[in-house]
Each structure stands twice: as C-alpha cells, then as structure tokens.
Amino acid sequence: MKTSDPGSDFLANLKSHGEQTTAFLDRHFAAGDPDGLVPRRLVDAIRHGVLNGGKRFRPFLVLEVARLFGSGDEAGNALPVAAALECIHCYSLIHDDLPAMDDDDMRRGQPTVHKAFDEATAILAGDALLTEAFAIVSDPEVNIGYESKCAIIGVLAAASGLSGMVGGQMFDLMNENKNASETMVVRTQAMKTGALIRAACEVGSLAGGGSPEDRARLAHYGEIIGLAFQLADDLLDETSNMAAMGKQTGKDAAAGKRTLISIHGQDWARNRLGQLVEEAHALLEPYGEKAVMLREAARFVAERGN
Ligand code: GRG
C-alpha cells in the first residue's frame, strides 16, 4: 500500500475507466444525425459539456465499486450507470456556470457551454443531460435486474433532486453574504457535492450485485469521501489557480460564502482530510485487496491538485 501520493496504478485505472465512460457518452450523444431527428445545435452543446475532459471520478467510483462483487462483468453492466451519473454531474456543472448561478466563463480549461453557445442552449443541454441519464439506466438493454434498476433510478433521483444536489445548490445560493452556521455549511456541502459521490458508490453496489449490507457500507464510504472531496475543493479554491484547476478560483471568499476552511483554517482542514481517509479505509476492510483502488481513491480525493 502506498502511503503518500496516489499510485500510478490508480491514475492509470482512473484514466481507463474515464476513457470507457467517455467512449460510451461519445456513442450515446453521437455527432452525426443523418435523419435530423434531434437538433444538431443541442447535441453539439451537450458534446461540448460532456466530452471536454474532467476527471470522471464519479464514474470511476461506480465501476470500481461494482467490480468488488465479481471479476469484471459487473463493471460492464455498470458502465451505463457510470455514464448516466456523469451526465447528471455534467448537467450540474453546465447549469452552475450560468450567469444566474456562478457566472463562470471557463470550465475544464474551456469556455463554458453558455459562452461557447448561448444561455438558452446551455439550459436545454443541462435539462437534456439530466433526463437522458434516466433514459440510459432504464434502457431494457442494460443488463441489471429489474429491482436493482429501480433502486438505482431512485438513488440517482434522490441524490440529484430537492433533498440532494439541487436542494444543496439552493442552500448555497441562500448562504451568500450570510454568516451561515457550521451546521448549515456542512448540510449544504453534503447535499450539493456529497450526495452524488455517495450515490456513485451506492449505485455501483446495486449494479454489481452487492448485498443490502454492502450497499449501506459503500454508501457510507461514499459519504466520507464526499466530505473529503468538498473539503479538498475548498482548500484548492484558496490555494490553487486557474491554470491548475481549469476554472476560476477564490470565488467562495469573493461571494462571502463561509466554508469549513474559513471557519477552522487550512491546518484543521488538512488534519481532517487525513482522518477522513482513515475512516474511508476502515469501511473498505471487508473487501481486502479487491478494494485497493477505492483505498487509493480516498487518498487521491484528499490530496488532489485539481
Ligand atoms: C446547478 C443543480 C445545480 C447544481 C450545481 C456541482 C454543483 C452543484 C456545483 C459545482 C460547483 C462546485 C465547484 C462544487 C464543488 C465540488 C465540485 C462538484 C467540483 C467539480 O467536480 P470535479 O472536480 O469536476 O469532479 P470534473 O471537471 O473533474 O468532473
């Protein structure tokens, strides 16, 4: 086991799962539409929003968790689920970048969708990505049992909606220029960022065929690394720059938003990140060597540079 930087095996694995997900999305949102059944401009905007890099960390989690329960086929069945989750993530980024929300010009080192196209197209591209996610999972060709598929759809919907990402985004907007309590900061982050990361691990277990106990344990692992992901993101927002992040940094402080770092400081945050990695590793103990990549993932989240 590595004790410092994420290993090259992990990075290679993240890259290869990311490539599989990208290939799926590239096929699903195919550029050519000879029959003209869907508006070309919208497909182009969607492709701009999903095929523009990104770490593909959430699909990685879906695929690696599914792999815990078998030799590889499970990961094949899980690929559409992984791609669907990335659609939801990309929709949230496209909408978050809009002038009415974070008003960002750059994302993943490229112009945001509303800059490359226009606002109405960006709104529709996000809307289409959210609904396509559910079309992808519910496709009869996806070889996952009916009950698990329904459960996956339920988990994705709950993590995305009112009590998940959308609700968290609303709290986040309401927290601007307010002295939000620590409880409110933690709740907002758990909903806005954590819910989808937790869901990635939960649906990975459902797609792979894990037991109800596995589902709960892996959802808890996802919750812990979701907390670490947001804490690391807050740290990067203070310490990193546009060149490393591919997006504007320092925005939380400029918007008068409280974060755990503005409350407790950077040293506390680094210490807390270490604790969260240990908690995540403890949850993975029953899976032994099969969970090596998920252990590395916890470390990657805490120590990432973008
Ligand atoms: C608009 C409904 C709606 C929700 C927006 C995800 C989100 C909620 C806002 C993004 C703002 C933000 C910077 C959140 C912090 C954590 C986060 C989600 C970072 C982006 O995820 P990465 O680092 O991005 O996985 P890549 O580009 O690698 O996929």
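Visitor: Which residues does L61 touch, not counting residues up to four places away in sequence?
Guide: L61 touches I197, A200, C201, Y221, I225 and L294, where contact means heavy atoms within 4.5 Å.

Visitor: What sort of model is this, and how are residues numbered?
Guide: It's a predicted model, with local features needing pLDDT of at least 70 and side-chain atom pairs counted only at pLDDT 80 or more, while totals for chains, interfaces and linings use all residues. Residues are numbered from 1 along each chain as its sequence is written, and side-chain values use heavy atoms, leaving out hydrogens and water.

Visitor: Back to the core: which residues touch the most other members?
Guide: In the largest nonpolar core, which has 83 residues, those are F57, L61, L129, I152 and Y221. Such a core is a set of buried Ala, Val, Leu, Ile, Met, Phe, Trp, Tyr and Cys residues joined through side-chain atoms within 4.5 Å. Buried means under 20% relative accessible area, exposed over 50%, and partly exposed in between (1.4 Å probe, protein chains only).

Visitor: Which helix gives the largest share of this core?
Guide: Helix α4 (residues 73-96), with 12 residues.

Visitor: OK, zooming out. How many helices and strands are there?
Guide: There are 15 helices and 2 strands. Helices (H or I, at least four residues) and strands (E, at least two) are DSSP runs, numbered from the N terminus. The radius of gyration is 19 Å, close to the 19 Å that the globule rule gives for 306 residues, so the protein is as compact as a globular protein of that length. That radius is taken over C-alpha atoms, and the rule is 2.2 Å times the number of residues to the power 0.38.

Visitor: And how much of the protein is buried?
Guide: Of its 306 residues, 51% count as buried.
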